[in-house]
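Open the model in your viewer and keep a cartoon view ready, with side chains one click away. We will go from stop to stop, selecting as we go.

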Amino acid sequence: MSPDPSIRRELRAGDLGAIVAHHGRVYGEEYGVDASFEGHVASTIAEAAARGFPGPREAICLVELDGEHVGSLALTDEGNDEAAIRWFVLSPEVRGRGLGRRLLGEMLARTAELGYARVRLETFSELEAAAHLYREHGFELVSAETAPRWGRERITYQRYELELATAPA
């Protein structure tokens, strides 16, 4: 097993590009998506960056191993007390350590601290371990659409949501 990765919670120049490139490599190798998937990720990052990500109700976790980018997880403010979990991917060499479960748990605790009412995330059905993790944390599948996407004949794109307990008024 490789050494323990480090987690950085502040964004530096070049990090957003590293997230895009990492998604392209990991999902290209593991799921056969083409460069249009990387473009999809890049567009969501560009939208968030244009809004000033990370803002006061947002967060980022960057996972590094020996100084190299090997994972990420972000929380974005989508307005109307809704947050989104985004850009959650870990390289194979840091999987299987409970890191994803820990980071997601920490990020969801942060959403509650920040007063969000709902958290959403988007994924695709082949990411079975991730879906198990999402359901374990209370997310429910709210929509699924199977269609050609990202150079593949069919991918089932999914949206999960988690309603957070809110304090009585």
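A charge sits over a ring if NZ of Lys or CZ of Arg is within 6 Å of the ring centre and within 35 degrees of the ring normal. With that in hand, select Arg-149 and Trp-150: Arg-149 lies over the face of Trp-150, at 5.3 Å from the ring centre. Keep in mind throughout that this is a predicted model.

Now look for a second case by selecting Arg-57 and Tyr-116. Here the charged end of Arg-57 sits over the Tyr-116 ring, 4.0 Å from its centre.

The structure holds 11 aromatic pairs.

Next, switch to the cartoon and colour the strands. In what order do the seven strands of the open sheet run? Trace S1-S2-S3-S4-S5-S7-S6, with mixed pairing. Strand S1 (6–8) and strand S6 (140–149) stand at the edges with a single partner strand each, so one side of each has no neighbour in the sheet. On average, neighbouring strands of this sheet are turned by 20° against each other, direction ignored.

Select helix H2 (residues 35–50), which packs on the sheet and touches strand S3 (68–77), strand S4 (82–90), strand S5 (118–124) and strand S7 (152–163). The direction of H2 makes about 135° with that of S4.

Zoom in on S4. Is this strand enclosed or open to the outside? Nine of the nine residues of S4 are buried, so the strand is largely enclosed by the rest of the structure. On one side, S4 pairs with S3 in the antiparallel sense over six bridges, and Asp-77 stands opposite Ala-83. Four residues lie between the strands of this hairpin, where Gly-79 takes a positive phi near 85°. S4 also pairs with S5, in the parallel sense over four bridges; pick Glu-82 to find its bridge partner in S5, Arg-118.

S1 and strand S2 (residues 59–65) pair in the antiparallel sense over three bridges, with Ser-6 opposite Glu-64 in S2.

For the last stop, select Asp-15 in helix H1 (residues 15–31). Why does Asp-15 count as buried? Its relative accessibility is 8%, and buried means under 20%. Show the contacts of Asp-15: beyond its close sequence neighbours, up to four places away, Asp-15 touches Arg-8, Glu-10 and Leu-62. A polar atom of the Asp-15 side chain also lies 2.6 Å from the backbone nitrogen of Arg-12.

Note on methods: Residues are numbered from 1 along each chain as its sequence is written. This is a predicted model: local features need pLDDT of at least 70, side-chain atom pairs count only at pLDDT 80 or more; totals for chains, interfaces and linings use all residues. Side-chain values use heavy atoms; hydrogens and water are left out. Two strands pair if DSSP finds at least two bridges between them. Helices (H or I, at least four residues) and strands (E, at least two) are DSSP runs, numbered from the N terminus. Axes are lines fitted to C-alpha atoms, for helices over the stretch in contact, and angles run from 0 to 180 degrees between N-to-C directions. Contact means heavy atoms within 4.5 Å. Rings of Phe, Tyr and Trp (its six-membered ring) pair if their centres lie within 6.5 Å; planes under 30 degrees apart count as stacked, over 60 as edge-to-face and the rest as tilted. Buried means under 20% relative accessible area, exposed over 50%, partly exposed in between (1.4 Å probe, protein chains only). A polar contact is a pair of N or O atoms within 3.5 Å; within protein, one must be able to donate a hydrogen and the other to accept it, and residues adjacent in sequence count only if both atoms are side-chain atoms.
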